[in-house]
Amino acid sequence: MTFQSWLIYIALVVVATATPGPAVFFIMTKSALHGWRQAIFAALGNIAGLFCLGIVAVSGLGIILETSETIYTAVKYAGSLYLMFLGLKLIFQQDPDLGTKHTEFHHAKMASCKMFTHAFGVAVTNPKAIIFLTALFPPFLNHDEALIPQFLVLILVLMGSSCVFLMLYALIVDRAKNWFNKPYRMKAIRQTSGSVFVGFGLLMATSSNR
């Protein structure tokens, strides 16, 4: 790409990854509840999901998703149900029983795996993201050159920008951890974040691919 094309692409990527959405609210919630180090697993899950979405977009499946109302609707409702599931889980989550040190370690390890998996799910169940990437990549790909190296560069820039902004949000929340240290505030965070996720799910369910 030309230098001008790179500037345009980077600007689009920065705006897309810096704008608060389900992934941002997810990692902010996890950082408030578990700390920024645990939130790293949420960031890794998100960028892994972005990589998978990028493959879907450049392989032509994104076009199918964009043009087929039936497939789009199926993915849309699956994604909206998943977001609402995460939201309701946060709303009704009970304070964990800390128990022994061994139990704490095991709980933290399981929480890391779950955090990665849930963040990955938040990323890949958003059909709007697939359509966005389907529209984002083609203008910056030179079809006279090998596509795979170009795609890898573009998706790695996107993943890097997403990771930076997600961790920035996580660190901002973690800096205020003393304020979050009260049980009633933690409960309020869970319920508020859960409500936001339910709201995202409802918005996704009522959206169209146009």
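1. Let's start with I40, which is found in helix α3. Helices here are DSSP runs of H or I with at least four residues, strands are runs of E with at least two, and both are numbered from the N terminus. I40 counts as partly exposed because its relative accessible area is 31%; buried means under 20%, exposed means over 50%, and partly exposed lies in between (1.4 Å probe, protein chains only).

2. Before going on, please keep in mind that this is a predicted model, where local features need pLDDT of at least 70, side-chain atom pairs count only at pLDDT 80 or more, and totals for chains, interfaces and linings use all residues. Residues are numbered from 1 along each chain as its sequence is written, and side-chain values use heavy atoms, with hydrogens and water left out.

3. (A patch takes residues with over 30% relative accessible area and no salt bridge, joining like charges within 9 Å and nonpolar side chains, Val, Leu, Ile, Met, Phe, Trp or Tyr, within 5 Å; a salt bridge is a side-chain nitrogen of Lys or Arg within 4 Å of a carboxyl oxygen of Asp or Glu; areas come from the Shrake-Rupley method with a 1.4 Å probe, and for residues only the protein chains shown count as cover.)

4. Now step back to the whole protein. You will find nine helices and zero strands. Of its 210 residues, 40% are buried. The accessible surface comes to about 11800 Å², and carbon and sulfur atoms hold 71% of that.

5. With a relative accessible area of 1%, F197 is buried. P22 is 175 residues away from F197 in sequence, yet their C-alpha atoms are 6.9 Å apart in space. Leaving out residues up to four places away in sequence, F197 touches P22, F25, F26, L83, M84, G87, L90 and V122, where a contact means heavy atoms within 4.5 Å.

6. Beyond residues up to four places away in sequence, K30 touches G35, L90 and M115.

7. Finally, the cysteines. C52 is partly exposed at 33% relative accessible area, and C113 is partly exposed at 44%. The disulfide count is zero, taking a disulfide as a pair of cysteine sulfur atoms within 2.5 Å.
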